[in-house]
Amino acid sequence: METAPDLNHPDFIADPHAVYCRLRTEEPVHWNPSLRGWVITRYADVSKALKDPRLSVAKLQPFLDHAAPETHRKVERVSAVLANWMVFNDPPRHERLRKALAKYFMPQEVARLRPLILQRVEELIEGFRGRDRIAPPVDFIKSFASPLPARVISDLFGIPKERIGDLRTWSENLKDFVALARATPNKYDRAKAAADEMVAFFRETLHDHRRNPRDDLTSRLLEAEAGPEGLSEDEMVSTLILLLFAGHETTASLLANGLYWLLRNPASVEALRRNRSLIPGAVEEMLRYEGPAQTMTWIAAEDLQLGGADIRRGERVFLALNSAARDSAVFPDPDLFKIDRSNNRHIAFGLGIHFCLGAPLARLEAQIAFDRLLSRLSGIRLETHQPVWHDELVTRSMERLVISYDIAA
Ligand code: HEM
């Protein structure tokens with residue numbers, strides 16, 4: 001490739017797919033000088049890499065090793081929290097951290113949450129639908145996509161409704177530290193403050209649940225504490241923070257990106273209105289078409305070869321899930337949004353040992369949400385025609401999604 005693409009350029013942020021397509025064709029394993037890492041764009045290579053034990057998710061220590069003393073001081077506490085996240089741990093520790101929760105997130109367990117999710121969905125729609133049949137335009141992200149997963153996760157944690165606002169703020173402040181490759185003002189200070197407050201809050205939540213056990217995720221985590229592979233209190237606090245973080249922004253983006261592309265394809269809206277059994281397939285297509293987790297950043301734990309390139313130990317590897325999702329070798333007509341796509345083998349939830357633990361929950365939330373939105377609102381229209389996408393490589397989310405609609409039932 002003659003010139004390396006600038007993955008910070010506003011054109012790339014607005015629409016990365018042309019660049020991904022060029023990379024898949026011309027240089028599928030590409031060294032990007034400004035990212036100082038390898039960008040992997042083909043489905044076959046990304047899938048292979050996600051299952052390759054020579055690639056590690058333990059990227060925290062290399063970051064700390066290179067951080068300036070001032071940054072080091074600021075991120076000490078937040079790093080201690082992240083060091084216990086299963087998503088930043090390789091085996092064997094990864095297995096112990098994941099096992100403590102794996103059962104709770106099995107599809108059949110998650111299915112029990114249907115009535116609760118339905119109730120939260122109905123409350124939110126009721127809240128923004130307007131009274132007296134007046135339907136003002138709303139920012140779908142602020143009114144629905146972001147609060148829904150925050151409410152569901154706080155129900156699972158068993159924490160009071162009044163604290164949901166805090167959870168959302170903490171999760172957003174942590175996001176810039178975890179998900180953003182570049183510097184933003186006060187990024188480390190905000191992450192530090194969020195980590196301090198979250199640790200205190202979740203420690204108290206655990207103490208409260210120890211005194212009064214309930215039928216929720218926090219009590220389930222505490223039950224495992226006593227066993228031989230149980231988690232320490234610090235590990236449990238970190239795990240709760242991970243679940244909040246991993247489950248909130250991603251699900252919000254699935255709902256918003258999904259609705260955006262659905263509304264850009266009016267025939268699909270009509271098809272779903274006529275036949276609700278198409279909704280699960282439509283949600284899979286939303287995950288494929290503009291997935292919330294754009295890129296995974298892993299690290300080579302040893303020298304390896306991938307797609308003909310020599311990757312050295314310690315080098316960063318950006319696994320572009322959203323590029324893999326448009327690879328014509330796997331998806332016929334990859335740039336078409338097709339809600340009835342057959343054999344949709346997208347990898348929006350990753351693959352291998354770190355496959356998203358919350359996938360059944362995210363799917364259920366999205367399926368219920370789209371079903372109820374289509375039932376309760378008619379004539380949904382986009383008011384945001386050119387969304388402003390957040391300037392991030394790791395996630396894919398937009399700042400605002402304004403819609404208008406006519407009230408139905
Ligand atoms: C549409 C929504 C979601 C998307 C697109 C998504 C995506 C992902 C991806 C790509 C990974 C793999 C990370 C890696 O390989 O480095 C992952 C891991 C994970 N996700 Fe999700 N996620 C979503 C929702 C959720 C929810 C709702 C929860 C929980 C409440 C959750 C919890 C987790 C956890 C705990 C991991 C770490 C698994 C491990 O390391 O073993 N996610 N997610």
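Okay, quick definition before anything else: I call a residue buried if 20 or more other C-beta atoms lie within 10 Å of its own, exposed if 12 or fewer, and partly exposed in between, with C-beta atoms placed from the backbone. Asp215 shows how that works: it has 8 C-beta neighbours inside 10 Å, so it counts as exposed.

Some housekeeping. This is a predicted model, so local features need pLDDT of at least 70 and side-chain atom pairs count only at pLDDT 80 or more, while totals for chains, interfaces and linings use all residues. Residues are numbered from 1 along each chain as its sequence is written. When I say helix, I mean a DSSP run of H or I, at least four residues, and a strand is a run of E, at least two, numbered from the N terminus.

Back to Asp215, then. Asp215 sits in the loop between helix H12 (187-211) and helix H13 (217-225). Gly158 is 57 residues away from Asp215 in sequence, and the two are 8.6 Å apart in space, C-alpha to C-alpha.

Now the inside. A nonpolar core here is a set of buried Ala, Val, Leu, Ile, Met, Phe, Trp, Tyr and Cys residues joined through C-beta atoms within 7 Å. The largest one has 101 residues, and those with the most contacts inside it are Ile40, Val46, Leu255, Val317, Leu319 and Leu321. Helix H14 (residues 233-263) gives the largest share of this core, 16 residues. Let's look at Val317. Counting a contact as two C-beta atoms, placed from the backbone, within 7 Å, and leaving aside neighbours within four places in sequence, Val317 touches Gly37, Trp38, Ile40, Ala49, Leu55, Trp298, Ile299, Ala300 and Ile311.

Where is H5 kinked? The kink is centred on Glu76, at about 55 degrees, taking the bend as the angle between axes fitted to the seven residues ending there and the seven starting there. Helix H5 (residues 69-82) has 14 residues and still reaches 19 Å from first C-alpha to last, close to the 20 Å expected, which is 1.5 Å times one less than the number of residues. Further along, the peptide bond from Pro91 to Pro92 is cis, with omega near 5 degrees, and Pro92 is in the loop between H5 and helix H6 (93-102).

Then there's the loop between helix H17 (321-324) and H18, where you'll find Asp333. Asp333 isn't a glycine, yet its phi is positive, about 45 degrees. Asn343 lies in the loop between H17 and H18 too, with a positive phi near 50 degrees. Asn343 counts as exposed because it has 7 C-beta neighbours inside 10 Å.

Last one: Asn265, in the loop between H14 and helix H15 (266-274). Asn265 has 17 C-beta neighbours inside 10 Å, so it's partly exposed.
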